[in-house]
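This report concerns a predicted model. Please consult the sequence and the structure shown here while reading.

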2 protein chains.
Amino acid sequence: MDKDIVEIINPSINLVKGFFSNACGCEIKYKNRLDLGMVLCEVSAACYAKYTTNKVQAAHIQICKENLKSNKARAVIVNSGCANACTGELGLKNAEDITKKVAEVFELDSPSDVLLCSTGVIGRQLPMDKVFSGIDKLKSIIREENEKNFALAIMTTDVVDKIVGVKVKSAGGEYTIVGTAKGSGMIHPNMATMLGFVFTDVSIKDYLLKRAFDESVEKSFNSVTIDGDTSTNDTAIIMKSGLANNEEIIDTAGEEYKLFCEALNFVNTALAKKIAIDGEGATKFIEITVENAASDQDAKKIAISIAKSNLVKTAFYGEDPNWGRIICAAGYSGVDFDFTKCSLKFDELTVFKDGEPAQYAEKDAKNILKKKDIKVTLDMNAGKTGKWTVWTCDFSIDYVKINADYTT
Amino acid sequence: MDKDIVEIINPSINLVKGFFSNACGCEIKYKNRLDLGMVLCEVSAACYAKYTTNKVQAAHIQICKENLKSNKARAVIVNSGCANACTGELGLKNAEDITKKVAEVFELDSPSDVLLCSTGVIGRQLPMDKVFSGIDKLKSIIREENEKNFALAIMTTDVVDKIVGVKVKSAGGEYTIVGTAKGSGMIHPNMATMLGFVFTDVSIKDYLLKRAFDESVEKSFNSVTIDGDTSTNDTAIIMKSGLANNEEIIDTAGEEYKLFCEALNFVNTALAKKIAIDGEGATKFIEITVENAASDQDAKKIAISIAKSNLVKTAFYGEDPNWGRIICAAGYSGVDFDFTKCSLKFDELTVFKDGEPAQYAEKDAKNILKKKDIKVTLDMNAGKTGKWTVWTCDFSIDYVKINADYTT
């Protein structure tokens, strides 16, 4: 990472100029936990969002799409414990009513200044009285000092909270980026929804913010898979106050835009890795890199296919260097390639070379597989430089236990 | 089923006129089990095959493709315990040498009269001396009476053998179809390979045999999924001796071709269902039907997406009527549809109607989920009659245990 990008120890959204955040518990599903979080921006923030590709989309996605036509917002409110998906007209009305209530309580110009995200069980309606009283509570505490209440409130099956921040010291001045996310891994799960939120005070042209965010999401949040189940609720949002005093970044030429992209990518990638590490039932973190493919997109397809394979992931859980399953998963990725040219490594150990089993000591492979953090590198040797990295976890007995638990 | 199609109790390949089959143990991976099976046809049989779509294909697939250019063969030999996949030039030479050895020992015109299939661990070479001595053994026993040695020899992780046969009594005369298959579910598995073999003595034009087989494979073997991992070795083969004395079926008009298709489909579908029931770690058999979709292909895509979802399958294992996961899996199938029109049933109980949660008694849903055999019906209500059924099993702790076991 560039020396001008410094990771913040114990980051907080409140470190980003113009933003306040806090959360409260309103018993949407469980007692005694934070389940309603909110971030408020003092000024109208430039906002961009990326949503799930699932055709079945939660109510909040329709609201966000509508309210982000202007690419401006003042607040984002998030509840856990209820996905508000497959909830029909009532679910949509409830989502709208939340934006109205927030606008009213926080004296914003319009409900369209409010973004909304939900995560939890599909097919249940939100308990609106509880949510409304939560919004009232938030009014009195939103500006209170706190480190990561928002990050805690958005968790569902997550075991640990996920928050990452950087301070960028560029020639044009200093600015801050803080992101927080939730993934999957709980005691009583229903849907491994990914939500990501990034806040920054950088001064940058809006179209450049969008461009940098789009590219970064592909390489971070869209490069992590736990179980291949694309949620109805996945959403990633960036909000920019622009209140840092750095000289405005106005084009892609020069070092400033590049530095911003690097800093943003660091935050998003760190969050994506945290999601994989905290996957439901995970005991190992697996980084899969496909290189020298015909294109980056080919490399990504192959890497995702490997990362989604139950047979690959159970082998990692069993600490079994069963590399045939990796080659097999590459083979059904939908990408055309010549497997007789491929080579495969676990960390630095080559197990498959030019399409044939390599000579290696079984115990060396076993020792690598015993680690908690394993790198897999598949060299397609296709005469091009297409490359992609994805992150996943192993597939354990606990994944099945967690997800076989009864809904209610 | 048409009354002229009668299922055979305790079917044997040897009941099909012109075919002999047997198997022997030659310790390819384990001692004291059958692991090399062979079927010999007295005459040159018309043959068609369907292979895995995986880009990484086992050596035997290259051999079968080459040898089936003529669509004729006299024998098929199958080993379990070694997939002979990702084994390079040596693996291919070994496969060729087996066809040469069989042709020599059984005095066939050419090695190209021999088809070959392998299933087992990827990345290991075949122990050729053992296989060769097995072929010598088979020479002396191939015509011996036996019920299902071939079906036993092709098993890997399978718990039960899978063999289905019918006798068809048509106006044009009698004929027989017997099929056998292997799927997935074992003690020491490595790759859930599907192999299917169908033998018939029907007199029918070759192109009609091919057409009927192609259509039937789509609706049977290609409509079952255990874990979404498409093997490097999947192969389905049909062989026809034509030695029954029925009047040759020469066109698709009239009842005779229809009756043959129905009989063939019964055999293939029954085998496919047996594969799902015997899925690795399975405790429940799940039949998923998607109906009133925009097309049959849309219905199939959606049904397969549901059947592959880990979250859906762990919910069935947990006997949890968590229907939101089913709607979610339909949503990421890649098919465009309006989920506000959809309805979903567990057996006859509607749990989701016109895009909203239906009113039903939780205990009724729980009672259905407790069953060993569950039907899921998703009505897309898309104004068309597209329909497809797929079969799968639940996803249990035992699947993870089985597949986390060490390779060697």
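## Contact between chains A and B

In this predicted model, chain A contributes 53 residues to the contact with chain B, and chain B likewise contributes 53 residues. On the side of chain B that touches chain A, at least two residues each are supplied by α8 (310-317), α9 (324-331), β13 (356-357) and α11 (397-404) of chain B. The largest share of that side, six residues, belongs to α9(B).

Sorted by class, the side of chain B that touches chain A comprises 24 nonpolar, 21 polar and eight charged residues.

## Domains of chain A

Chain A is divided into two parts: domain 1 covers 5-277, and domain 2 covers 285-404. The C-alpha centres of these two domains of chain A are 32 Å apart.

Where domain 1 and domain 2 of chain A meet, each provides twelve residues to the contact. The side of domain 1 of chain A that touches domain 2 of chain A consists, by class, of seven nonpolar, four polar and one charged residues.

## Nonpolar core

The largest nonpolar core contains 276 residues. Those with the most contacts inside this core are A:Ala75, A:Val76 and A:Ile327, together with B:Ala75, B:Val76 and B:Ile327.

For A:Val76, leaving aside residues up to four places away in sequence, the residues touched are A:Val39, A:Leu115, A:Cys117, A:Phe197, A:Ile237 and A:Met239.

Notes: Residues are numbered from 1 along each chain as its sequence is written. Chains are lettered from A and ligands numbered from 1 in the order in which they are written. This is a predicted model: local features need pLDDT of at least 70, side-chain atom pairs count only at pLDDT 80 or more; totals for chains, interfaces and linings use all residues. Two residues are in contact if their C-beta atoms, placed from the backbone, lie within 7 Å. Helices (H or I, at least four residues) and strands (E, at least two) are DSSP runs, numbered from the N terminus. Ala, Val, Leu, Ile, Met, Phe, Trp, Tyr, Cys and Pro count as nonpolar, Asp, Glu, Lys and Arg as charged, and the others, Gly among them, as polar. Domain bounds come from an automatic or database domain assignment. A nonpolar core is a set of buried Ala, Val, Leu, Ile, Met, Phe, Trp, Tyr and Cys residues joined through C-beta atoms within 7 Å. A residue is buried if 20 or more other C-beta atoms lie within 10 Å of its own, exposed if 12 or fewer, and partly exposed in between; C-beta atoms are placed from the backbone.
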